[in-house]
Amino acid sequence: MKRLINGLLHHRALVLIIALIITVIAGLCIPLVEVHYDLTDYLPEQAPSTKAIKIADQSFAEGLPNANLYIPDITIPQAIELKEQLKTLPHVESVLWLDDATDIYQPLASLDSQLVDSWYKNGGALFMLRVDPAFTVEATDAIRQAGGENAVLTGEAFNQATIQALSMGEVSRIMFFVVPLVLLVLLISTSSWFEPLLFLVAIGVAIVLNEGTNIIMPDVSYVTRAASATLQLAVSMDYAVFLLHSFSRFRQQGNNIEEAMKLAVHESIPAIAASAATTVFGFLALGLMQFRLGANLGLILAKGILFSFLSVIILLPVLTVLTTKWVDRTQHRPFLPSFRGFARVVVKICLPLAIVVVLIVIPSYMGQRQTDFIYGSSGIHSPESQAQADIDKLAGIFGENQQMMLLVPSGNIALESKLSEELDRIPEITTVIDYSKAVGAQVPREFIPDDALDQFETAGLSRYILYADVPVESDRTFQLVERIRKLADSYYPGKSHLLGQPAVNYDLKTTIIADTPVVQGGSVLAIGLVILITFRSLSIPLILLLTIEGAIWINLGIPYFAGTSLNYIGYQIISAVQLGATVDYGILFASHF
C-alpha cells in the first residue's frame with residue numbers, strides 16, 4: 001500500500017490527467033443512460049400481474065385503459081366527435097366511452113342510469129384511453145390539447161408522464177439545494193475555506209463516474225436516477241473527512257506534506273474501507289428483493305460507493321498535496337465547540353440515558369411496523385397541486401373509477417355471461433364491459449365484424465373491462481382484487497388473469513412485504529460480518545447494529561405517530577441507507593475507542 005501511495009503522489013500530474021479524461025467521458029455518457037419509469041416492469045416474473053400483462057399484450061392489440069379524460073359541458077354528439085378525434089392522436093391506442101357499453105342512439109332516459117352515469121354525468125363526458133406507455137408525455141400533451149383548457153386528465157399514464165417530467169428536473173433541483181447545504185456543513189466543521197472544495201471535487205468525480213457508467217445497465221429506474229447522486233454524496237462524504245482530518249493531524253506532528261499524506265492514507269484506509277464495505281453490503285442487500293427495483297437501486301448505489309472509495313484514496317490525496325498552500329492560506333478558526341463538556345455529561349448520565357432511549361425505541365419499533373404505506377405511484381402529487389385537484393374533482397363526480405381487465409378462456413358464452421352478472425353484483429364495481437353486455441349473449445359471433453369482436457375475444461381469451469369505485473390502492477381496493485381473483489378462479493380454476501393498477505399495486509404490496517425481512521436480515525448479517533472481521537470482536541458488531549437499528553426504528557416510527565403515509569420503496573431505501581451510512585460513525589467511534 002505504501003508503494004502505491006508513493007507512486008500516486010510521485011505521478012500526481014498523470015493521475016489528474018487520467019481522472020479528468022475518464023470523468024469527461026463518463027459525463028458525456030450520462031444523457032445516454034436509459035431511464036425507466038414503469039415500476040410494474042420490476043415485478044418478479046411469477047407475479048400474477050406480470051403474467052397477466054404478458055398474456056394481454058400477446059393476445060389483444062388494445063391494452064387496458066391507462067388515462068381518464070373528463071370534458072365538462074359537452075353534448076352527446078360533441079362527445080362522439082371528440083372520441084373520433086382522440087383516436088387519431090399519436091400514441092393513443094384506443095378510446096372507450098359510453099357508446100362502447102350501450103346503444104347511445106336510444107333516449108338516455110331509457111338506458112341503465114347507473115351505466116350512463118359512469119360515462120356521462122352533469123353534462124360532462126368521461127373517456128377512457130389507452131396510450132403507449134413508452135410515450136406518455138407526448139400522448140398526454142396531445143390529449144390535453146385536444147380536450148381544451150377545461151379538460152381534466154388523470155390515470156396511470158398521466159402519473160407516469162408526471163414522474164418523467166419531475167424526476168429529470170428534480171435531480172438537478174435536489175443537487176442545487178443539497179450541495180450548498182453540504183458545503184455549509186463542511187465549512188463549519190473544517191478549519192479552511194478551501195478544504196470543503198476538495199471534498200466536493202473528489203466525491204463529485206465519483207458521482208459523475210457512477211452516473212456515466214450506468215450506461216452499461218439495460219436501464220435505470222427513475223427512483224434510482226433521482227436518488228443515487230444525492231445518496232452517494234451524503235453517504236460517502238465521510239470518507240474524505242476521515243482522510244483529511246488524519247492528514248491535518250500528521251502535519252501538526254511536524255511531518256512534511258507528502259509524508260503526512262502517506263501516513264494519513266495508511267492510517268485511514270482500514271476505517272474507510274470498513275465503512276465503504278458496510279455501506280456497499282447494505283445497498284447490495286436490496287438485490288435480495290424479488291421486486292427487481294431493489295437490485296437496480298442497490299447495484300448502482302453500491303457501485304457509487306466503490307467509486308467514492310477509489311476517488312478518496314487515489315484522487316483526493318493528489319489534489320490535497322497539490323493545493324495544500326491554498327488550504328493553508330484560507331485557514332479560519334474552528335466554528336464548532338470541542339464538545340468535551342457534552343461528552344462528560346453523556347458519560348455521566350449514560351445509564352439513565354440508555355433507559356430513556358430503550359423506552360423510546362420500543363414504541364417506535366411497533367409504530368414503524370404499523371405505518372400506512374403507499375406501494376405504487378398514487379402518492380406522487382402534492383395535495384396542493386393542480387394534478388391532485390383534478391383527481392379529486394373527477395372522483396367527486398364519478399367516484400374513483402379504477403380500471404381493471406379480467407381475462408378468461410373463451411368458448412362458453414353462458415359461463416361468461418354468468419361471471420359477468422356476478423361481477424356486476426359486486427358493490428364496488430360500477431361498470432362491466434364484455435361481449436354479453438356490449439353485444440349480447442344471444443348474438444352469434446359470426447354476425448359481429450372482426451375488428452369489433454377482437455375488442456372482447458381473441459387468441460382463445462375473452463376479456464372483461466371493469467370499472468370500480470375504489471382508490472387505486474387501499475385496504476378496500478386490495479380486498480376487491482382478492483375477491484375478483486377468487487370469483488374468476490371459481491369459474492376458471494387457474495386460468496383467469498386480472499390486470500390493472502389496483503392489481504399491480506396489490507402484487508407490489510405482497511412482493512415488497514415478503515422482501516422486507518430478507519433485505520433487513522441480509523443487510524444486518526453482512527454488515528455485522530464486516531464489523532466482526534474489522535474489529536475481531538463479537539460485542540462491537542452487536543452494540544453498533546443495535547444502536548443504529550434503534551435509530552432507524554425511531555426515524556421510521558415518526559410517520560406513524562404523525563399520521564402520515566410513507567412510500568414503501570422510500571422506507572426500504574431509508575432503512576438501507578441509514579444502516580449502511582451511519583454505521584460509519586460507529587466504526588469511527590469504535591476505532592478511536
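**Surface, core and rings**

Student: Does Phe561 count as buried or exposed?
Tutor: Buried means under 20% relative accessible area, exposed over 50%, and partly exposed in between, with a 1.4 Å probe and protein chains only. The relative accessibility of Phe561 is 53%, so Phe561 counts as exposed.

Student: What kind of model is this, before we go on?
Tutor: Residues are numbered from 1 along each chain as its sequence is written, and side-chain values use heavy atoms, leaving out hydrogens and water. Local features need pLDDT of at least 70 and side-chain atom pairs count only at pLDDT 80 or more, while totals for chains, interfaces and linings use all residues, as this is a model that is predicted.

Student: How much of the chain is buried?
Tutor: The C-alpha atoms fill a box of roughly 95 × 50 × 40 Å along the principal axes. Inside it are 21 helices and 14 strands, which are DSSP runs numbered from the N terminus (helices: H or I, at least four residues; strands: E, at least two). Of the 593 residues, the share that counts as buried is 51%.

Student: Where is Trp193 found?
Tutor: Trp193 is part of a nonpolar surface patch with Leu184, Ile188, Phe335, Leu336, Phe339 and Phe342, about 710 Å² of accessible area together. At 45% relative accessibility, Trp193 itself counts as partly exposed. As for its place in the chain, look in the loop between helix H7 (156–189) and helix H8 (195–213).

Student: What type of pair do Trp97 and Tyr120 make?
Tutor: Rings of Phe, Tyr and Trp (its six-membered ring) pair if their centres lie within 6.5 Å; planes under 30 degrees apart are stacked, over 60 edge-to-face, the rest tilted. The whole structure has seven aromatic pairs. In this one the centres are 6.3 Å apart and the planes at 85°, so the pair is edge-to-face.

Student: How far apart in sequence are the parts that this pair ties together?
Tutor: Trp97 is buried at 0% relative accessibility, and Tyr120 is buried too, at 14%. Trp97 lies in the loop between strand E3 (92–96) and helix H5 (113–117) and Tyr120 in strand E4 (residues 120–121), so the parts tied together are apart by 23 residues.

Student: Back to Phe561: what is the angle between its ring plane and that of Tyr560?
Tutor: Tyr560 is partly exposed, at 38% relative accessibility. The two ring centres are 5.2 Å apart, and the pair counts as edge-to-face because the planes stand at 75°.

Student: Where is Arg536, and what is its phi?
Tutor: Arg536 is exposed, with a relative accessible area of 79%. Its place is the loop between helix H19 (501–535) and helix H20 (539–562).

Note on methods:
Patch = residues over 30% accessible without salt bridge, like charges linked within 9 Å, V, L, I, M, F, W, Y side chains within 5 Å. Areas by Shrake-Rupley, 256 points an atom, 1.4 Å probe, with all protein chains shown as cover. Salt bridge = Lys/Arg side-chain N within 4 Å of Asp/Glu carboxyl O.
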